[in-house]
Amino acid sequence: MGPRREPASPAPRTLLYTSLVTATAALGGLLFGFDTGVISGALLFIVPEFHLGAATQGFVVGVVTLGALVGALVGGAAADSLGRRPTNIAGGATFVVGSLLSAAAPGVATLVAGRFVIGVAIGLSSVAAPLYIAELASANRRGTLVSLFQLAVTVGILASYVVDAALAHAGAWRVMLGVAVIPGAALVAGMLPMPESPRWLMKRGRRDEAGVSLARVRAADAVESELREIAHDIAQDQPARWRDLAALDLRPALLVGVGLAVFQQITGINTIIYYAPQIFEAAGFGSATTALAATIGIGLVNVAATIVAIALVDRAGRRPLLVAGLIGMVASLFALAAASRMGAATGWLGVTTVACVGIYIVCFAFSLGPITWIMIAEIFPNRIRARAASLSTAANWLANFVVSLTFPILRDSLGSSLTFALYAVFGIVAIGFVLRRVPETRGKSLEQIAAGWRAAA
């Protein structure tokens, strides 16, 4: 089947509505980022109040990723059976419950339970939101729009750092954790009037509803041709089952999805996000407030670099950005390792640490950060997309859990220098993986990407 022609200039009303839908779904990313980042500042006060050792501290941080692993696996089945939109709504409601439970925690057990519930919410949103956006976006804007999910993640992280810094003088960690109730409720309310994914509706045999949904985000002359292309793609395959993830024709795509998801984590990003204030304190920043202020600067860099990614991803392509970003990440991690080993003796550890972390964040934010979520949402066939995205996202959260749990232990046993060097080595392996396995998907419709995998099988 030949390429579907995209209308040259969609109506401003259509573009505006598509942006509104994307922004609403991306609230899940904002919550994802906020609840990922807020613990970094809250830990400065939770650790002494609850007398947490290194292993317990790692578990309080890491249990959210264990919950996200569960939420990601549930999210794939929910997105297939209930729909993409209801799964996003469920994610927002779960955020509200988890935030309230964490904020009210009288002890470690309740705090861990609340963090686990928040993790389930993050898992649901990290599957459903990129999937929903990708299935509503046009081919020539899909990378940009799905990248808005990652931008929302970075804005959420920055917002968490600002909240942490504003409340640090009072040590109000309960308020820090409870603020997420507001965007969680906004996600639920905002998603209620939004359309369902036309591709999910077509899978369920609801063609008329799919046409109405698609007409809200496409020019009128593009709706019928896209519906025919979706129908043709769905007709090539049998209905999805979990065991179909082991099919030979799906393995190359699944390897890319799972591989990128794992490399996004084992190259160390969440050691920076979760533990930035503590890293800066160890580098010579004298107080919690000063460390949090330095962390806000990193959050600003993260947002700015993600905006750059949004501008480039549908122009430069996925592969070039991945390779360039990984090279920068590896270089900055090795530099951070060297600074950690030599900086304390020479007196420039603090400045070098901030510079290395900043460069690392910039490189991650235009490469593995957004592009992992873009590709997980776009590389799989319609019939199995939700479940394959679910498995890839679950792999991401499992790797996240392992890294966040082991970082304090590795830092205590190996030292910061060797720990950062280990993450750099994983980055080198990731570069080889991208060059060998990851295809370019820029400008292709979801159905054309699926046809490419079938042709290569």
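Biologist: Which residues have the most contacts inside the largest nonpolar core?

Modeller: First, a caveat: this is a predicted model, where local features need pLDDT of at least 70 and side-chain atom pairs pLDDT 80 or more, while totals for chains, interfaces and linings use all residues. Numbering runs from 1 along each chain as its sequence is written, and side-chain values use heavy atoms, without hydrogens or water. A nonpolar core is a set of buried Ala, Val, Leu, Ile, Met, Phe, Trp, Tyr and Cys residues joined through side-chain atoms within 4.5 Å, and the largest one here has 130 residues. The ones with the most contacts inside it are Ile46, Trp173 and Leu260.

Biologist: What is isoleucine 46 in contact with, leaving aside its neighbours within four places in sequence?

Modeller: Contact means heavy atoms within 4.5 Å. By that rule, the partners of isoleucine 46 are Ile39, His51, Leu52, Leu111, Trp173 and Leu177.

Biologist: How much of the protein chain is buried?

Modeller: Buried means under 20% relative accessible area, exposed over 50%, and partly exposed in between, using a 1.4 Å probe and protein chains only. The chain has 457 residues, and the buried share of them is 60%.

Biologist: How many helices and strands are there?

Modeller: Both are DSSP runs numbered from the N terminus: helices are H or I with at least four residues, strands are E with at least two. The count for the protein chain is 20 helices and zero strands.

Biologist: Is the pair of phenylalanine 32 and tryptophan 397 stacked, edge-to-face or tilted?

Modeller: Rings of Phe, Tyr and Trp (its six-membered ring) pair if their centres lie within 6.5 Å; planes under 30 degrees apart count as stacked, over 60 as edge-to-face and the rest as tilted. The structure holds seven such aromatic pairs. In this one the centres are 5.1 Å apart and the planes sit at 50 degrees, so the pair is tilted.

Biologist: Which helices does that pair link?

Modeller: The two residues are 365 residues apart, so to speak from distant parts of the chain. Phenylalanine 32 is buried at 8% relative accessible area, and tryptophan 397 is buried at 1%. The helices are α2 (residues 27–50) and α18 (residues 385–413).

Biologist: How far apart are the closest N and O atoms of lysine 203 and aspartate 80?

Modeller: A salt bridge is a side-chain nitrogen of Lys or Arg within 4 Å of a carboxyl oxygen of Asp or Glu, and the structure holds 14 of them. Lysine 203 is partly exposed at 27%, whereas aspartate 80 is buried at 7%. Their closest N and O atoms are 2.9 Å apart.
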